[in-house]
Amino acid sequence: MVKLQQASISMQMSSDQLEEETSGSFQFQEIDFKPQVLKDPKKKELWTKWGFEDCSYIKAYSFDEFFSKHQTEVFFKDFFASKTVQSTLSVSSGRNLWIRVGPVRRVEVEELSSKVTNMEFFDKLMQLDDPPVVRENGALVKCFDEYVDDLVLSDELHKLLVQEESDHYEEFSPEERREFIFHIFKALVIGGGTCQFEDSIDAYMDVTKDIYKDMVKVSKSQTHKLQVTSIPYLITKVDADFELFPQVTEPDVREEDHDDIINFLLLLLLLIIII
């Protein structure tokens, strides 16, 4: 996961100047950033338990130019072309095996939504029944094991998140599933290739909240309501001389773990532009 933060600058730009900006001139610098999930010993233990320690990291970079959404493709090309990024950012091709990124000829991204400002977004999980998903005490409702792309679904929460035929999949609309916080939560629940699942939802909720707070910027609107001002993007594909989601090549990684690792990268290689 990558957090991008615009440096504190003040500028006014004409429409002609904005047009010129599409040519690309973004410069990036890595900044010191340690998320709460890695500061708190108990949450760091969960991070390891869920299989993320050996196949993920969270980095932050600053950039010093004005950003507008019409510059998205140029922005990401500049990001991957940055010598700083190339020397500090890698993608996992297996446990303890990393491949450096490089310049891209083309990049495909999806803008996610970031309207959520509190954890009430997930309250419906506790209200579902027939079958229930989460009990009043936070316990996850178990089910007979089912499989989706080699992922074991052993409780109703996993089924809701990934199995389109499940009883409650549609409880979260397509728009809600585009929420950045939903992507974080889903990735944590699914876990990495050696994930040990939780019996309660509480730990997933706590870590989701911490990561979301670390990755987005919140301010008050003119009506004094909280709003997220960050723009999350999900990188889905690059045309380059490196693979964004490389196949696992380590001999000690089981074949059935491949999809789990690749799906984790797909969900968490997000760039958050704070403006």
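Contact here means heavy atoms within 4.5 Å. The legends below describe a predicted model.

**Figure 1. Overview of the chain.** The predicted chain contains 11 helices and 12 strands. Of its 275 residues, 52% are buried. Among contacts between residues at least 6 apart in sequence, 74% join residues at least 24 apart.

**Figure 2. The largest nonpolar core.** This core holds 44 residues, and the members that touch the most others are W50, F122, L125, L157, F185 and L188. At least two core residues come from each of α3 (41-49), β8 (151-155), α7 (156-162), α9 (180-190) and α10 (202-215). Helix α9 gives the largest share, 8 residues. In soluble globular proteins, nonpolar side chains tend to be buried together.

Figure 3. Helix α9 is mostly covered, with 10 of its 11 residues buried. The buried residues are F180, I181, F182, H183, I184, F185, A187, L188, V189 and I190. When residues up to four places away in sequence are not counted, F185 touches F122, L125, L157, L161, I201, Y204, M205 and T208. After α9 comes G191, which has a positive phi, near 80 degrees.

**Figure 4. The packing of α9 against α10.** The two helices pack at an angle of about 135 degrees, and their axes are 9 Å apart. Angles from 65 to 115 degrees count as roughly perpendicular and those over 145 as roughly antiparallel; α9 and α10 are therefore oblique to each other. The crossing in which α9 passes α10 is right-handed. From α9, the residues F180, I181, I184, F185, L188 and V189 meet Y204, M205, V207, T208, I211, Y212 and M215 of α10. By class, the residues of this contact comprise 12 nonpolar, 1 polar and no charged.

**Figure 5. The packing of α3 against α10.** Helices α3 and α10 pack at an angle of about 105 degrees, with 11 Å between their axes. Because angles of 65 to 115 degrees count as roughly perpendicular, this description applies to α3 and α10. Helix α3 contributes K43, L46 and W47 to the contact, while α10 contributes A203, D206, V207, D210 and I211. The residues of the contact of α3 with α10 are 5 nonpolar, no polar and 3 charged.

**Figure 6. The buried residue D210.** Residue D210 lies in helix α10. Its relative accessibility is 13%, so D210 counts as buried, the cut-off being under 20%. With neighbours within four places in sequence left aside, D210 is in contact with Q36 and K43. Residue K43 belongs to the α3 side of the contact between α3 and α10, and D210 to the α10 side.

**Figure 7. The buried loop residue L244.** Residue L244 lies in the loop between β11 (230-240) and α11 (258-268). With a relative accessible area of 5%, L244 is buried.

How values were computed. Residues numbered from 1 in each chain as written. Predicted model: local features only at pLDDT ≥ 70, side-chain atom pairs only at ≥ 80, totals over all residues. Heavy atoms only, no water. Core = buried A, V, L, I, M, F, W, Y, C linked by side-chain atoms within 4.5 Å. Buried < 20%, exposed > 50% of the residue type's maximum accessible area, 1.4 Å probe, protein only. Helix = DSSP H or I, 4+ residues; strand = E, 2+ residues; numbered from the N terminus. Axes fitted to C-alpha atoms, helices over the stretch in contact; angles between N-to-C directions. Parallel < 35°, antiparallel > 145°, perpendicular 65-115°, else oblique. Left-handed = near helix turned anticlockwise from the far one by under 90°. Nonpolar A, V, L, I, M, F, W, Y, C, P; charged D, E, K, R; others polar.
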